[in-house]
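Biologist: I'd like to go through this complex with you. Could you start with the terms, then take my questions one by one?

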Amino acid sequence: MAKLVAAAKKEGTLNVIALPPTWANYGTIISTFEKKYGIKVNSANPDGSSQDEVNAVKQENGTAAAPDVLDIGMAVALVNTNLFAPYKVSTWSDIPTAQKSSAGLWYQDYGGYMSVGYSAKFGTITSMSQLLGPKFKGAVALNGNPTEANAALNGVMMASLANGGSASSIAKGVSFFSELKSKGNFDSVQATGATIKAGTTPVVLNWDYLNLPSYVGVSNWKVFIPSGAVLGGYYAQAINKNAPHPAAARLWEEFLYSQAASGGQNLWLAGGARPVEQQAMTSNGTINSADASKLPAVSGTPVFLSQSQATNAANYLAANWAKAVS
Amino acid sequence: MAATTASDTGARPVRAGRRPRLPAWLGTTPFLVYIGIFLLLPTGIVVVNAFRSPSGALNLSSLTTPFESPDRSYFTGSLELCLISSVFGAVLGAILAYAIASGDPDGTVRRLYIAVSGVLAQFGGVTLAFAFVVLIGPVGLLIHASWFYTFPWGIAVIYTYFQVPLMVLVFLPAIDGLKAQWREASDSLGASSWQYWRYVGAPLLAPAFFGAALLLFANALSAFATIVAWENQIAYIVPQQIYLAINSEVGLSNVNQADVLALGMIVMVAIIMTGYAFLQRRAARWLR
């Protein structure tokens, strides 16, 4: 570790990409890392997508500006593993087996569960079926179009799980939204911070870390995860195999997976995201329990979509979604 | 005009001999480079890719897809929306333009309307759709209009909001071009007001009117952000489907489909702009 720190300090720079400062506490994570190791972090294209990250790795390959490390969506990570260098952080064994590549090419970092965020004016909501009631006229919105946006696809999948569907079939979720539409409760605009603040999307299905009152910036906002419909989605870390700063890249990963009070895992948690080592940290007592208690409660076994389940869901949506909500 | 041109050309050789002159085409180079990079090159790429399969081989079969379901529905959706919003925009805008033209040419009202039209013709996109959604959408502040989410009427109302002011701006010069002497001549020959409009005013304005309507049609055809902010769940028109075909992060992206759809739009715009150019020439014959 000491040798890694020395080598990284000698490189002096780390290139990161697509890390919005307000997202999952990345602003603080970057400044803490810079201060702790005296390494300058170049943050490129903070609002970029996972695909933008991969494109940058390919297009800037061999230059000093190429991204060293990636924080990437699983769908994009799995088809681009040939761009990654294997690395196993020192807390490797605390990452659940299903959430890392056995070769160490990618390893999930933080994520959350699909949730229902809603305005407190509705009282307390505890189940998806309540959303079919008359007081939710024109109120329920998704974060995007599910044939395009991953968060929206998972929103429909959560509805499916809550209505007796399984990860292998999203059909029950589509019929739930069809019913929602026919009752006039479905709002077909894309929910954003602006629509939530303006009050035009008072119920939003989205990842819990994007649905926290602190994140949406609305104080009378509540969030719950439907019981028995716990659908997880995690991002993953990977190191560019041609990283211009290979030691800094590995030190960054060690920092992100550090269980220290001001290490990456607890800093993600402070931003409302669930760090991948949360379970292990809860057992060994390193978790910041005050921050952990602010997350919405989970009851039931979390479900994670496999690549083929996600593809099946997308294909079903391509054929049935527009019909169901028109 | 003709006289000044003649004297101009007469004077030129004398001056040209005295100081070195840059070639005339140099002045247009920035414009041509700009057009080349931002219009011709992307258009060329789209056209070429529309004829190729994802692997790069020549492929003509995708060119029939705009005439088949589901792609056909995006084109009919685009046509319906453009037609309705341009007809409403053209008629209402023409009436408004006539009202403005018949007022005091230097008056405050006219200046105010032109200034406001100039602003509102550019007021589109997310802000406009958001304003309507907040006012009359499902949880609208003003009312909840039940027709708001019927295609094409709900979105046509939003589009008309920027079409009317654009019509005022492009049609007002044509109405101003109607000379008072023509009306006086027609009056002094005993024509009624109806006869004046039927035989003089309308035929003179018709090319300008239809030309402006075509411009509105093309304006509506390319609008994208407005409809996406209004309805994010269903693709009704071509630009929406192009967006989905390029951007899907859940594995449904199909860039070739996007290229074919874009080629369809290029063909539509080419037809419209040819018609527009033709009508403009007709209009320019009298109104100058």
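Biologist: How many helices and strands does chain B have?

Modeller: Read along the sequence, the pattern of chain B is α-α-α-α-α-α-α-α-α-α-α. The count for chain B is 11 helices and zero strands.

Biologist: Is chain B compact or spread out?

Modeller: Its C-alpha trace spans about 65 × 60 × 30 Å along the principal axes. The radius of gyration is taken over C-alpha atoms, and the globule rule is 2.2 Å times the number of residues to the power 0.38. Chain B has a radius of gyration of 24 Å, well over the 19 Å that the rule gives for 288 residues, so chain B is more spread out than a compact globule.

Biologist: And what is the radius of gyration of chain A?

Modeller: Chain A has 13 helices and 11 strands. The globule rule gives 20 Å for its 326 residues, and chain A comes close to that, so it is as compact as a globular protein of that length; its radius of gyration is 20 Å.

Biologist: What percentage of the residues in chain A is buried?

Modeller: Buried means that 20 or more other C-beta atoms lie within 10 Å of a residue's own; exposed means 12 or fewer, partly exposed is in between, and the C-beta atoms are placed from the backbone. For chain B, 33% of the 288 residues count as buried. For chain A, with 326 residues, the value is 48%.

Biologist: Why is helix 9 of chain A described as largely enclosed?

Modeller: Helix 9 of chain A has buried residues that include Arg250(A), Trp252(A), Glu253(A) and Phe255(A). The helix covers residues 246-256 of chain A, and it is largely enclosed by the rest of the structure because the buried residues number nine of the 11.

Biologist: How many residues of chain B are in contact with chain A?

Modeller: Two residues are in contact if their C-beta atoms, placed from the backbone, lie within 7 Å. On the chain A side, 27 residues take part, and on the chain B side the number is 20.

Biologist: Which residues have the most contacts inside the largest nonpolar core?

Modeller: A nonpolar core is a set of buried Ala, Val, Leu, Ile, Met, Phe, Trp, Tyr and Cys residues joined through C-beta atoms within 7 Å. The largest one has 159 residues, and those with the most contacts inside it are Met167(B), Phe171(B) and Ala212(B). Its largest share, 15 residues, comes from helix 6 (residues 153-176) of chain B.

Biologist: What does Met167(B) touch, leaving out residues up to four places away in sequence?

Modeller: The neighbours of Met167(B) are Gly89(B), Ala90(B), Gly93(B), Ala94(B), Ala97(B), Ala212(B) and Leu216(B).

Biologist: Is Val228(B) buried or exposed?

Modeller: Val228(B) is found in helix 9 (residues 225-230) of chain B. Not counting residues up to four places away in sequence, Val228(B) touches Gln240(B) and Tyr243(B). Since it has 21 C-beta neighbours inside 10 Å, Val228(B) counts as buried.

Biologist: Which helix of chain B has the lowest mean pLDDT?

Modeller: pLDDT is the predictor's confidence in each residue, from 0 to 100. Chain B averages 86, and 92% of its residues score at least 70. Among the elements of chain B, helix 3 (residues 71-101) has the highest mean, 95, and the lowest, 47, belongs to helix 1 (residues 2-18).

Biologist: Over which residues of chain B is the pLDDT below 50?

Modeller: Where pLDDT is low, the predicted coordinates should not be read in detail. The stretch in question has zero contacts in the model beyond near neighbours in sequence, and it covers residues 1-14 of chain B.

Biologist: What ipTM does the predictor give the complex?

Modeller: The predictor gives a pTM of 0.81 alongside an ipTM of 0.77.

Conventions
Residues are numbered from 1 along each chain as its sequence is written. Chains are lettered from A and ligands numbered from 1 in the order in which they are written. This is a predicted model: local features need pLDDT of at least 70, side-chain atom pairs count only at pLDDT 80 or more; totals for chains, interfaces and linings use all residues. Helices (H or I, at least four residues) and strands (E, at least two) are DSSP runs, numbered from the N terminus.
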